[in-house]
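Please take a moment with the sequence and the model below before reading on. The paragraphs that follow go from the overall fold to a sheet, then to a helix and a pocket.

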Amino acid sequence: NLPFTSDRFDAVIAVHLFSHLDNNDRLSAAAEAIRVLKTGGILYFSGFSVLDFRAGKGFSIEEGTVKRGSGICTQYFTEQETQQLFCNVPVTTITTARWPLRVRGHDFPRAEVQATFIK
């Protein structure tokens, strides 16, 4: 529960925040983000995509979420999943950004879902 009144902010920016929450907490956090957003306000979301080279690597703790050796849990999103997470507000843009990450002469595909919603 965010310590703010409803309809308080013109924008909510969530960069990789939802990626580290379990499904129940993601749903609660999405509802809170929408609650504190003013009518006409913009919600920006960014989270790792299922197309990222690290997706699926580690111990699966729920669908799309893995726990790696560091102990950090990460959810890898699809565009459809992202729309469903914020289904109470209209999506204005949604895309999967992709870029190569070069490590020791090898390229690895990085990818994240980026979306904007307007309440």
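Helices and strands are here DSSP runs, of at least four residues (H or I) for a helix and at least two (E) for a strand, numbered from the N terminus. Counted in this way, the protein, which is a predicted model, has two helices and seven strands, and along the sequence these elements follow one another as β-α-β-β-β-β-α-β-β. Along the principal axes, the C-alpha atoms fill a box of roughly 50 × 25 × 20 Å. Of the 119 residues in the protein, 32% are buried, and among the contacts between residues at least 6 apart in sequence, 66% join residues that are at least 24 apart.

Strands of a sheet pair through backbone hydrogen bonds, and they may do so in parallel or antiparallel fashion. In this model, four strands form an open sheet with mixed pairing, in the order β1-β2-β7-β6. Because β1 (9–15) and β6 (91–103) each have a single partner strand, they stand at the edges of the sheet, and one side of each is left without a neighbour there. On average, neighbouring strands of this sheet are turned by 15° against each other, if direction is ignored. Within the sheet, strand β2 (residues 37–48) and strand β7 (residues 106–118) run antiparallel and are joined by seven bridges; S46, for example, has Q114 in β7 as its bridge partner.

Helix α1 (residues 23–36) packs on this sheet, where it touches β1 and β2, and its direction makes about 145° with that of β2. Is E32 buried or exposed? Its relative accessibility is 14%, and since buried means under 20%, E32 counts as buried. When residues up to four places away in sequence are left aside, E32 touches N1 and L2, and a polar atom of the E32 side chain lies 2.7 Å from the backbone nitrogen of L2.

These three residues, N1, L2 and E32, also belong to the lining of the largest pocket. Rolling a probe the size of a water molecule over the atoms shows where empty space is left. The largest pocket has a volume of about 160 Å³, and its lining also includes V12, I13, A14, L17, F18, A29, A33 and V36. Which elements give two or more residues to this lining? They are β1 and α1, and α1 gives the most, with four residues.

Key
Residues numbered from 1 in each chain as written. Predicted model: local features only at pLDDT ≥ 70, side-chain atom pairs only at ≥ 80, totals over all residues. Heavy atoms only, no water. Pairing = 2+ DSSP bridges. Axes fitted to C-alpha atoms, helices over the stretch in contact; angles between N-to-C directions. Contact = heavy atoms within 4.5 Å. Buried < 20%, exposed > 50% of the residue type's maximum accessible area, 1.4 Å probe, protein only. Polar contact = N/O pair within 3.5 Å; in protein donor to acceptor, adjacent residues only side chain to side chain. 1 Å grid on protein atoms, 1.4 Å probe; cavity = no way out; pocket = protein on both sides within 12 Å on 5 of 7 lines; lining within 4 Å. Points joined across faces, edges and corners; volume = space filled by probe spheres on them.
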